[in-house]
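Here's a friendly walk through a protein for anyone meeting it for the first time. Have a look at the sequence and the structure, then read on.

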Amino acid sequence: MQICLVAANRLVHDPRARALAHSLTTAGHQVGAVAIGTPQPAPLPVTWIAPRRPEGWGRFGTALRRITPVQDRIRIRMLARAAGTTGAELLYPTTPAAISATVRAVGSGAAVAAPPGWVEHRDLRRLAPHHPELSRTGGGHVPFHHVPGWEPGPPPEPGRHRSRQVLLCYRRTDRNPGRYLEAALHRAGVDVTVADRLDWDGLDPATSCVVVVESPLPPLAVAGVRRPVPVCFWVHHGEHHLEANLRLARRYGADLVLLAHSWHLAHRFEVPVERFPFAVAPELFEAPLPWEERPFDLAFVGSHLAGGGPYRRRGDWLEALGAALDPDRVALAEGVTPEEMGRLYQRARVVVNEGGTRHDPLTMRVLEALGAGALLVSDPAPGLDLLFTPGRHYLTAEDDLVDTVTKALRDRRSATIASAGFDYARRHHTYDHRVDELFAVLERLHRAGRPPLPPQKEGLAGLIDPEPDLQRIVEAGLPDLVEQLPDREVWPLHQVAERLSPGTFQVAAIGADRPGDLERLITAATRLVVAGPECSGAVAAELTRLRPGARVEIDRNGLLRAEVGGPGYRG
C-alpha cells in the first residue's frame with residue numbers, strides 16, 4: 001500500500017513518527033510524509049510545507065512559539081492539499097494537530113488511520129471490515145466473514161479431523177480463548193499437543209501446523225531450529241497490544257496472523273492476515289431458561305464497571321441503566337470465572353456490550369451473550385454486522401441506551417431476536433466452526449518462506465529487545481539506541497527533560513557517566529532501568545535508595561538491568 005504520514009509540526013525529531021514509519025516500511029508498504037517544517041534530511045520521502053512559526057532560536061524561539069497559534073489555518077490547508085495529491089491510499093496523522101489537515105485530505109478517497117476517538121470521516125477502523133483492501137497485506141487472501149454470501153458448511157461432526165496433528169502453544173488461563181479452541185480441536189478428533197513454549201527440536205514430524213495463541217507475558221520461549229511447518233499466531237487484542245504482537249509474530253516465526261477483531265490493523269503485520277473472530281464455547285452453557293422467565297432484566301460481566309479512562313462510556317451506561325431498572329433485576333459482576341459468567345447470562349434477558357473506546361473491539365462478550373440466549377444490545381463494534389444482522393440477531397445501542405433497553409424489555413419481539421441470535425450463533429459461530437475455518441485457511445496459505453530472524457541485539461539494546469511490549473524509552477548518553485531499536489520510541493533526554501516526571505516512560509536507558517538527571521530518570525521508568533558499565537554502580541546505588549523493591553542485576557560486562565515495575569499484561 002502507499003501510505004502517507006501527516007505531521008502538523010516536527011516530524012524528523014518525533015520518535016513516534018519515526019518508529020511508525022519504520023514499522024510500516026518493514027511491513028512492505030511505500031511510506032512517505034507531508035509535514036510543516038524547514039526541509040531537512042529524513043529517513044523517508046517528505047513534502048515540506050514552510051512554517052510560519054519561528055523554529056530554533058533557543059529560549060527566545062521557544063518563548064515566541066508559545067505565544068504563536070499552533071495551528072495556522074493557511075498552512076493546514078496547504079498540508080491537506082499536499083496530502084491529498086500524494087496518491088496515498090492510507091493517511092496517518094502523527095499528532096492531534098494534524099487531524100484537521102488529514103480529514104480535509106480524505107476527499108482524495110484515502111482512508112484515515114487514527115487512534116479511537118480522533119476522527120470519524122473515512123475512519124479505517126469503520127471501513128476496513130467491509131473493505132479489507134484498505135488494510136491489506138501482501139498475502140492476497142480474501143478474509144473469511146467478508147465474502148458476500150459466505151456460509152459455513154454442514155454442522156461440524158465430532159471426529160471429522162482425525163488425520164490432523166496440531167501443536168497448540170499458549171499459556172493457559174481461565175480467560176484465554178485458547179482454552180476453547182483447544183476443546184474444539186479435541187472434539188474434532190485432532191491430535192493436539194499443548195505446550196507453553198515452542199520447541200522446534202521436539203516437534204513431532206507428523207505435525208500439521210503450529211498455532212500460537214496470544215498469551216499473558218512473558219513471551220513464550222522459542223527453542224531449536226525452525227521446521228517447515230506452518231505457524232499461525234492468533235491475536236486477540238487491538239491497538240494497546242499491537243507493538244508487542246508485531247514483535248511476537250516475528251519471534252514465533254508466524255506464516256499467518258489470525259485477528260480476532262480490530263481488522264483495520266491487518267496492514268501492520270509483515271505476513272498474511274486472516275480474520276478469526278471469537279466464537280461460542282458450547283461447554284460454558286447449559287440449556288438456557290426461556291427468555292420471558294429469566295430473573296434478571298440486565299447483566300454485564302467485565303472489568304472497569306465504574307468506568308474511567310477508555311471505559312468512561314461503560315461506567316456512564318451502567319450507572320444510567322442501574323438507575324432506570326429495578327436493582328434486584330440487574331446483575332453486574334467483575335472477576336468471575338467464565339463458567340459463572342455463562343450461568344449468569346443464561347438467567348438474563350438483556351446483556352449490554354461495551355468494549356471500551358481504546359480500540360473498539362468485537363469482544364468475547366458478544367458471543368457469550370448470544371450463546372447464552374440473551375438479547376444482545378451492543379455498541380457498534382466494527383465487523384459485528386458481518387457476523388450477525390443488526391435488528392434480526394441483536395440490537396445496536398442507540399444514543400439513548402436506557403430508552404433502547406427499556407423498550408426492548410417491553411417489546412414482545414425481543415424474545416424472537418434473542419432466539420434468532422442464539423440459533424444463528426450456535427449454527428454458524430461456535431469454536432467447532434472456527435476449527436474448520438482454521439484448516440480451510442491453511443489449505444489456502446502459500447508459504448513463501450520466512451525471512452531469517454535478525455541477529456540478537458547486544459549491549460543495552462539486548463537487555464530491552466526481549467521485552468516485546470516495551471515501546472517508550474528515554475535515553476541518556478546512548479544516541480545509537482535509536483538505530484539499534486528502530487521500531488521503538490526512543491526519546492533523548494534533552495528532548496524531554498522539561499516533561500520528565502515519575503511514570504512517563506516504560507524504560508530508562510542510561511549510558512552517560514553520572515548524568516545530572518539520574519534521580520528523575522530512575523523515577524520516570526515504570527518497567528525497566530538499564531545502564532552501561534560506566535555508570536552502573538551509581539545507578540545501582542540510586543535504585544537502592546529510590547526503588548527499594550527493584551530487582552537489580554549486573555552482568556559480567558557491567559551492564560545493569562533492573563525491573564522496577566510489574567511485568568506487563570498478565571490476563
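Let's start with Glu239, which is partly exposed at 25% relative accessibility. Its partner is Arg125: the two side chains meet in a salt bridge, with 2.7 Å from N to O. This pair ties together distant parts of the chain, 114 residues apart, with Arg125 in helix 5 (residues 124-127) and Glu239 in the loop between strand 11 (231-235) and helix 7 (242-251). Is Arg125 buried or exposed? Arg125 is buried, with a relative accessible area of 2%.

Keep in mind that all of this comes from a predicted model.

## The protein as a whole

Stepping back, the protein has 571 residues, and 54% of them are buried. You'll find 19 helices and 24 strands in it. Its accessible surface comes to about 25,100 Å², and carbon and sulfur atoms account for 52% of that.

## A closer look at helix 3

Helix 3 covers residues 73-84, twelve residues in total. From first C-alpha to last, helix 3 reaches 16 Å, close to the 16 Å expected at 1.5 Å a residue. Its buried residues are Arg75, Ile76, Leu79, Ala80, Ala82 and Ala83. They sit on the same side of helix 3 because they cover an arc of only 165° around the axis.

What does that buried side pack against? The answer is strand 1 (2-7), strand 2 (30-36), strand 3 (46-49), strand 4 (90-93) and helix 4 (99-105). On the face turned away from the buried side, helix 3 carries the exposed residues Arg73 and Arg81.

Side chains of opposite charge can pair when their charged atoms come close. A search of the whole structure turns up 34 salt bridges. One of them joins Glu542 and Arg545, whose closest N and O atoms are 2.8 Å apart. These two are three residues apart in helix 19 (residues 536-546), so about one helical turn separates them.

Glu563 also has a salt bridge, this time with Arg551, and their closest N and O atoms are 3.7 Å apart. That pair links distant parts of the chain, twelve residues apart: Glu563 belongs to strand 24 (residues 560-563) and Arg551 to strand 23 (residues 551-554). Glu563 is partly exposed at 27% relative accessible area, while Arg551 counts as exposed at 51%. Through shared partners, salt bridges join Glu467, Arg551, Glu553, Arg561 and Glu563 into one network.

## Cysteines without bonds

How many disulfides are there? The count is zero. Take Cys209: the closest cysteine sulfur, in Cys232, is 5.6 Å from its own sulfur, which is too far for a bond. Cys209 is buried, with a relative accessible area of 0%. Cys169 is buried too, at 0% relative accessibility.

A few spots in the backbone deserve a glance. Leu217 and Pro218 are joined by a cis peptide bond, with omega about 10°. Pro218 lies in the loop between strand 9 (209-213) and strand 10 (221-223).

Ser262 has a positive phi of about 50°, although it is not a glycine. Ser262 sits in the loop between strand 12 (256-259) and strand 13 (273-275), and it counts as buried at 6% relative accessibility. His304 is not a glycine either, yet its phi is positive at about 55°. You'll find His304 in the loop between strand 14 (296-301) and helix 8 (312-324), where it counts as partly exposed at 38% relative accessibility.

Terms used:
Residues numbered from 1 in each chain as written. Predicted model: local features only at pLDDT ≥ 70, side-chain atom pairs only at ≥ 80, totals over all residues. Heavy atoms only, no water. Helix = DSSP H or I, 4+ residues; strand = E, 2+ residues; numbered from the N terminus. Expected span 1.5 Å × (residues − 1). Buried < 20%, exposed > 50% of the residue type's maximum accessible area, 1.4 Å probe, protein only. Arc of directions from axis to C-beta. Contact = heavy atoms within 4.5 Å. Disulfide = S-S within 2.5 Å. Areas by Shrake-Rupley, 256 points an atom, 1.4 Å probe, with all protein chains shown as cover. Salt bridge = Lys/Arg side-chain N within 4 Å of Asp/Glu carboxyl O.
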